[in-house]
Amino acid sequence: MESRRGARWWTLWGALILIWAMFPLLWMISLSFKDPNTFRSGAPTFFPKQWVWTNYDTVFSDSLFTSALRNSIGISLLATALAVVVAMFAAYAIARLDFPGKKFLLSMALGIAMFPQAALVGPLFNMWRNLGIYDTWLGLIIPYLTFALPLSIWTMSAFFRQIPWEMEKAAQVDGATAWQAFRKVIVPLAAPGVFTTAILTFFFCWNEFLLAISLTSTDRARTVPAALSFFTGASQFQSPVTAIMAASVVVTIPVVIIVLVFQRRIVAGLTAGAVKG
Amino acid sequence: MTTTEPRVEAPPLPPPQVSERTRYERRLGLALSAPAFIVMVFVTAYPLVYAVVLSFYNYRLTDPEGRTFVGFRNFTTVLTDPVWWSDFVTTLIITVVSVVVELVLGFAFAFVMYRILFGRSLVRTGILVPYGIITVVSAFIFRYAFQLDSGFVNQWLGLGEFNWFGERWSSLFVITLSEIWKTTPFISLLLLAGLVQVPAELNKAAMVDGATAWQRLTRVTLPNMKAAIMVALLFRTLDAWRIFDNPFIMTAGANNTETLSFLAYRQNVTLLNLGVGSAVSVLLFFTVVLIAFLFIKGFGTDLSQVRGDQ
């Protein structure tokens, strides 16, 4: 059968895509289990000659990494929560209400999504030092919140448009104010969209590097991407390569779990706001 | 829709009630969007204006007292410096190559994800991992794979002692490769969303008319996806233009692999030269505006659907 043969071909191509996506991860995992003292002796191989846990012990006993992990989790979660709340209000207004400045707000969000963050590094660096929030959680949360807002606003307003608004009207007919209708009727319906937006926003904060190295200087607020670039290994005599890979594996685990559990939602979220025919 | 037909029976709605409702809606709309608006202005618009102001001063944080107004001198300093142009060309090369490769690869991926029946969700899950991974981690993975003392690439390709990070072009190759691996999933999912929107009847009709698979692709599918393609292109181009993480981790800018974002970072944060650094920032911002303008006016990219206008 022609179509069955065709289906087999597409599956083969799909398998190639999977290999393409997974191969670098395999290399990361393999390198993270190599012996930090001997992995460079002789010609390098793909898999370790001997699998060791040393690198994981190294990163978890290094305060540079553990504090960075704490900072990354805290900053990303707080920035995500704030961005989602702020964007939720704006997205509701955009999807639902008619008010002056709506077009301007949307254009501004679009502009910020395209904005080169590097152009702000200098002024923010100076402003944050004057405000005393340089090298603090707040100093990273504020810009993360800002740069996550455009994506959050679009994604959520796209989801909000699919909500059956008759229900809100019905609630208003029954005597609820617009605010009550929002809180009691729309919020439960909108929860999946909000959750998806939170995932995408979290990925953005978890990934961010430029602001993280520019607006921090110690392990008070330094996040994992920034800390990785400063990592020197267990001692100055040891190569940091394998330990950096172990730390990379650790911070990739949450990403893989989120992707495995919420694959459908992420795909829907990525494409919801962006393209409609 | 307004009808001009005179209605005899229906009494007009009392205007004050309507306008009060409208006013309430307006106030609520403004109130709900105010926090987002304020945060965005505070973190982007204000610092940008600040950068414009600083760019006209000779201002080093190492010598804050020596702050003097110098007019356009910082801009001429930057624009006559070969470093700016070298970084410009590097950024341009990385952007063009990665966006072109990603568009082709992303389209192929989208097509496979569209047609595949067995293992569809597995492929979609797998492709999301590079999307979610930290860019710095991706940079380290590729760096160590190509690096002489730790990497397997030279062994596998039989390249012996070839040092990938010893010269410009091979360094740019690895940097671009990491960028492509990490961001193709995003573009392919956007293209998949566009592909799904193409009416299947169009392709069936073309098939009945005897069009070949290639003709159907280039005459039916692609033209109908134009909006999706342009939006994906615009977003990826501007994203690639800001590239920073990969060159920073892989080469630290050695061998002419520094990009414009990297230059802005180095001037402002490493050298604390806020005057010249701000001039770089402002120029970088203008290049982005120029690219966006080219896409929107030049190629007719329709952003209304991205913006969510109704």
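## Helices α7 and α10 of chain B

The crossing of α7(B) and α10(B) is right-handed, meaning that the near helix is turned clockwise from the far one by less than a right angle. These helices span residues 168–197 and 226–241 of chain B, and they pack at an angle of about 160 degrees with their axes 9 Å apart. Axes here are lines fitted to C-alpha atoms over the stretch in contact, with angles running from 0 to 180 degrees between N-to-C directions. α7(B) and α10(B) are therefore roughly antiparallel, the term for angles over 145 degrees. Helices are DSSP runs (H or I, at least four residues), numbered from the N terminus.

This is a predicted model, in which local features need pLDDT of at least 70 and side-chain atom pairs pLDDT 80 or more, while totals for chains, interfaces and linings use all residues. Residues are numbered from 1 along each chain as its sequence is written, and chains are lettered from A and ligands numbered from 1 in the order written.

On the α7(B) side, the contact includes E179(B), T183(B) and L191(B), and on the α10(B) side it includes R236(B) and D239(B). Contact means C-beta atoms, placed from the backbone, within 7 Å. The residues divide into 9 nonpolar, 2 polar and 3 charged. Ala, Val, Leu, Ile, Met, Phe, Trp, Tyr, Cys and Pro count as nonpolar, Asp, Glu, Lys and Arg as charged, and the others, Gly among them, as polar.

## A helix pair across the chains

Now for a pair that joins both chains. Helix α5 (residues 118–131) of chain A and helix α12 (residues 260–270) of chain B have axes that come within 8 Å and cross at roughly 10 degrees. α5(A) and α12(B) are therefore roughly parallel, as angles under 35 degrees are called. Among the residues making the contact are G122(A) and F125(A) from α5(A), with Y265(B) and N268(B) from α12(B). This contact has 7 nonpolar, 3 polar and no charged residues.

## Where chain A meets chain B

In total, 93 residues of chain A are in contact with 86 residues of chain B. Helix α11 (residues 241–272) of chain A supplies the largest share of chain A's side, 16 residues. That side has 70 nonpolar, 19 polar and 4 charged residues.

## The nonpolar core

The largest nonpolar core has 168 residues, and L191(B) and A91(A) are among those with the most contacts inside it. Such a core is a set of buried Ala, Val, Leu, Ile, Met, Phe, Trp, Tyr and Cys residues joined through C-beta atoms within 7 Å; buried means 20 or more other C-beta atoms within 10 Å of a residue's own.

Definitions and conventions:
A residue is buried if 20 or more other C-beta atoms lie within 10 Å of its own, exposed if 12 or fewer, and partly exposed in between; C-beta atoms are placed from the backbone. Helices (H or I, at least four residues) and strands (E, at least two) are DSSP runs, numbered from the N terminus. Angles under 35 degrees count as roughly parallel, over 145 as roughly antiparallel, 65 to 115 as roughly perpendicular and the rest as oblique. Two residues are in contact if their C-beta atoms, placed from the backbone, lie within 7 Å.
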